[in-house]
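Student: I would like to go through this model by question and answer, with the cut-offs stated as we go. Please show it before we start.

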Amino acid sequence: MPRLCEICQNSKAVLRRPKTAQRICKQCFYHVFETEVHNTIVDNQLFRRGDRVGIGASGGKDSTVLAYVMKTLNERHNYGLDLYLLSIDEGIAGYRDDSLETVKRNKEQYSLPLLIVSYEQLYGWSMDSIVEAVGRKNNCTFCGVFRRQALDRGALMLDLDHIVTGHNADDVAETILMNIFRGDLPRLGRCTEIATAGDGYIVRSKPFKYAYEKEIVMYAYFKKLDYFSTECTYSPNAYRGYAREFLKDLEAVRPSAILDIIYSGEAMQVAQDVQMPVAAQCERCGYISSNRVCKACTLLEGLERGVPKLGIARSAKASLEGVPDVAKRGGRTVERVHFDKLWENARRMRLERSENNTDVCTGSACAGVCNAQNTGSLTNM
Amino acid sequence: MEDLKLTLKFSSGAELMIKDEIRADAGTKTGDLELTRTLPATTDGKPTIAKDLLEFIRDNLIKDRQEDFYDKEKLRPGILVIINGSDWEVEDGPEYRLQNNDTVEFISTLHGG
């Protein structure tokens, strides 16, 4: 005789929850999973009515489930959010092109507008051409730095108030471990926050911060969501891989380990007398940076001058002396749009929208541009 | 006793652990993989259980580093097992007694996000 659901005592249990060890049925699982995400959103006041929210969509399991759940909750609880899919095309043949096909199908399945911004379009270099220039060793650095900024650029193009990403509890716990192992205090502080001011422009948050990966995968499985999974063609992130295996082993022994680590990360505080880097603007592109020139601009300069090690070398002062200005290179030089310009465009779009539309304001990034009354955070829904 | 005819499915990256020639035979170089395999109803004189299937898969289907899949009586953490549509942790996990025509799915949570 099949085991019955421990919640409704009625239907066949199909899943054992890693968080609680409860055995539950499909319908109860949907209900608790969605409700927990809803509670995370409401308890942390992630959004305001009228917010334009971009879902960082890779076509992978986490972001596909996130898009589905965000759409469901927005309708069910009347959040009043305008949802968008925002995807980054790193330009990796055989990997990202396939997963972007999935995002394009998600766009139709969920009827959400989609914007794809590519490294090639923003920086003049696709990851394929970067790998051609730098080899397979350090290419993940380029990809990570460029992605972070690309999301902000895409968000400003859409004039978003907020970006949500599919990072789940397992990802957060892994990142906490990695930052502890590396002694990276600024990142340790940031990675535990559910919402950060992003890199200056758009708030980013992780509605799945407390959702276990197993449940996300099982949700996608039971709902038969259309997602894509494969390994990146280029070198896998080996360090994260070890942290992940370690975490999975801990979880096997003690399922609460993931939430425990998140809790530990949140509880850690940086002592007052530790000098934290001060954020300023990159003098070239206007992106937030703790240095005169941001990491993306440094990496691009290296690529363009044929010294791709620039910005990667261990010594912070990797010298440019004696380096020829013209070198063999695979990308092209593009005029990168300054962040002030992107910001200005976003403001203008916002103003135009508010002029054409009297009844809706306003997102949290509105800053009083449109004269309408702000309707406040999403609470008590 | 009758042999056990089993449907095995690998998805969400788990298929990447299977030998290339087996994937090619199944006609899928990319994406979900579905195989049919037959196991004896008993193993070492006892009814065949999920654990025996894991050993079979490790020894016959997995490409290089077989111990990464299943080692020391332990399935690699992060691989979910679904038997006939249910999380195997709901029932007996590795001790589950396999039945003829069972469908066993392996879903990786370790690959690409």
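Student: How many of the 14 residues of α7(A) are buried?
Tutor: This is a predicted model, in which local features need pLDDT of at least 70, side-chain atom pairs count only at pLDDT 80 or more, and totals for chains, interfaces and linings use all residues. Residues are numbered from 1 along each chain as its sequence is written, and chains are lettered from A and ligands numbered from 1 in the order in which they are written. A residue is buried if 20 or more other C-beta atoms lie within 10 Å of its own, exposed if 12 or fewer, and partly exposed in between, with C-beta atoms placed from the backbone. Helix α7(A) is largely enclosed by the rest of the structure, because the number of its 14 residues that are buried is 10.

Student: What does α7(A) reach from its first C-alpha to its last?
Tutor: Helices (H or I, at least four residues) and strands (E, at least two) are DSSP runs, numbered from the N terminus. The expected span of a helix is 1.5 Å times one less than its number of residues. For α7(A), residues 169-182, the expected value is 20 Å, and the reach is close to it, at 20 Å.

Student: Which helices do the buried residues of α7(A) pack against?
Tutor: The buried residues of α7(A) include A169(A), V172(A), I176(A) and L177(A). Contact is meant here as C-beta atoms, placed from the backbone, within 7 Å. The partners, all in chain A, are α8 (185-191), α9 (213-223), α10 (238-253) and α11 (257-267).

Student: Which residue just after α7(A) takes a positive phi?
Tutor: Most residues other than glycine have a negative phi. The phi just after α7(A) is about 65°, and the residue is G183(A).

Student: Which helix gives the most to the side of domain 1 of chain A that touches domain 2 of chain A?
Tutor: Domain bounds come from an automatic or database domain assignment, here domain 1 (27-230 + 238-273) and domain 2 (277-325 + 338-355). The contact takes 18 residues from domain 1 and 15 residues from domain 2 of chain A. On the domain 1 side, α5 (127-134) and α6 (139-157) each supply at least two residues. The helix that gives the most, with 7 residues, is α6(A).

Student: Is Q9(A) buried or exposed?
Tutor: Phi of Q9(A) is near 55°, a positive value in a residue other than glycine. Q9(A) lies in the segment before β1 (15-16) of chain A. With 9 other C-beta atoms within 10 Å, Q9(A) is exposed.

Student: How many C-beta neighbours inside 10 Å does Q45(A) have?
Tutor: Q45(A) has a positive phi of about 45° although it is not a glycine. Its place is in the loop between α1 (26-43) and β3 of chain A. Q45(A) counts as partly exposed, and its number of C-beta neighbours is 13.

Student: Which residue in the turn between β7(B) and β8(B) has a positive phi?
Tutor: β7(B) and β8 (residues 86-87) of chain B pair in the antiparallel sense over 2 bridges, and I83(B) stands opposite S86(B). The two strands form a hairpin with 2 residues between them, and the phi of about 50° in the turn belongs to N84(B).

Methods: Contact = placed C-beta atoms within 7 Å. Pairing = 2+ DSSP bridges.
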